[in-house]
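Please keep the sequence and the structure in view while reading.

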Amino acid sequence: MKDIMRVKCLLSADIETLLNQQIKKEAHSSAMYLAMASWCNQNGFDYSSDYFFKQSDEERFHQLKLFKYVLDMGGSAISPDVSGIRQEYSSLREVFEEALEAEIAITQSFKVIAANCLKEQDFVTFEFLNWFMKEQREEEYKARRALELFEVIGEEGTGLWEIDKHVNKIKYDSETAGE
């Protein structure tokens, strides 16, 4: 039965595995951002907490988008088990540093999937991944801008309070980015 299903699946076994691994990474990111939202809330950084709640929702949306795609292509989407989420941080800066590192890792993971799609001439999945590549450009931009606030504003005095206030104002417009 499984061989018959594989014939009907438009994904190769390798691409399906990579997409399921990405689903797990997105679920992990969603949970990580939720933990960051909690830490920020507990430490009085309400705007940063809101920022990470939104990030968590976005990662969950990405997870579901990938999940549905695997199913739509006749594959088997696997609901991931997520554990080992870090709950404590030493500073607000550390939270944002980890967020940027996570976004860079996610971008790299999508690049691996895209490279494998090209290798297998799976142009349908490659085209599907373009949405995520654009999304990652935005995610990395916002994470870098958040970290730049620490350099521009500084952490002394009311600096952390100012940083917290500005985090939710970071916007990305692909038409004006880099200007």
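Rings of Phe, Tyr and Trp, the last by its six-membered ring, count as a pair if their centres lie within 6.5 Å. By that rule, ring pairs join Phe-61, Tyr-69, Phe-110, Phe-128, Trp-131 and Phe-132 into a cluster. The model is a predicted one.

The structure has 13 aromatic pairs. In one of them, Tyr-51 and Phe-52, the ring centres are 5.1 Å apart and the planes stand at 80°, so this pair is edge-to-face. Tyr-51 and Phe-52 are both buried. Tyr-51 also pairs with Phe-96, at 5.8 Å centre to centre and 45° between the planes, which is a tilted arrangement. Because Tyr-51 belongs to helix H3 (residues 46-72) and Phe-96 to helix H4 (residues 92-120), this pair ties together parts that are 45 residues apart in sequence. Phe-96, like Tyr-51, is buried.

Now to the nonpolar cores. The largest has 24 residues, and those touching the most other members are Met-36, Trp-39, Cys-40, Phe-52, Leu-92, Val-95 and Phe-96. At least two residues of this core come from each of helix H2 (13-42), H3, H4, helix H5 (123-153) and helix H6 (159-167). What does Val-95 contact, leaving aside its neighbours within four places in sequence? Its partners are Met-36, Trp-39, Cys-40, Phe-52 and Tyr-89.

Key: Residues numbered from 1 in each chain as written. Predicted model: local features only at pLDDT ≥ 70, side-chain atom pairs only at ≥ 80, totals over all residues. Heavy atoms only, no water. Phe/Tyr/Trp six-rings, centres within 6.5 Å; stacked < 30°, edge-to-face > 60°. Buried < 20%, exposed > 50% of the residue type's maximum accessible area, 1.4 Å probe, protein only. Helix = DSSP H or I, 4+ residues; strand = E, 2+ residues; numbered from the N terminus. Core = buried A, V, L, I, M, F, W, Y, C linked by side-chain atoms within 4.5 Å. Contact = heavy atoms within 4.5 Å.
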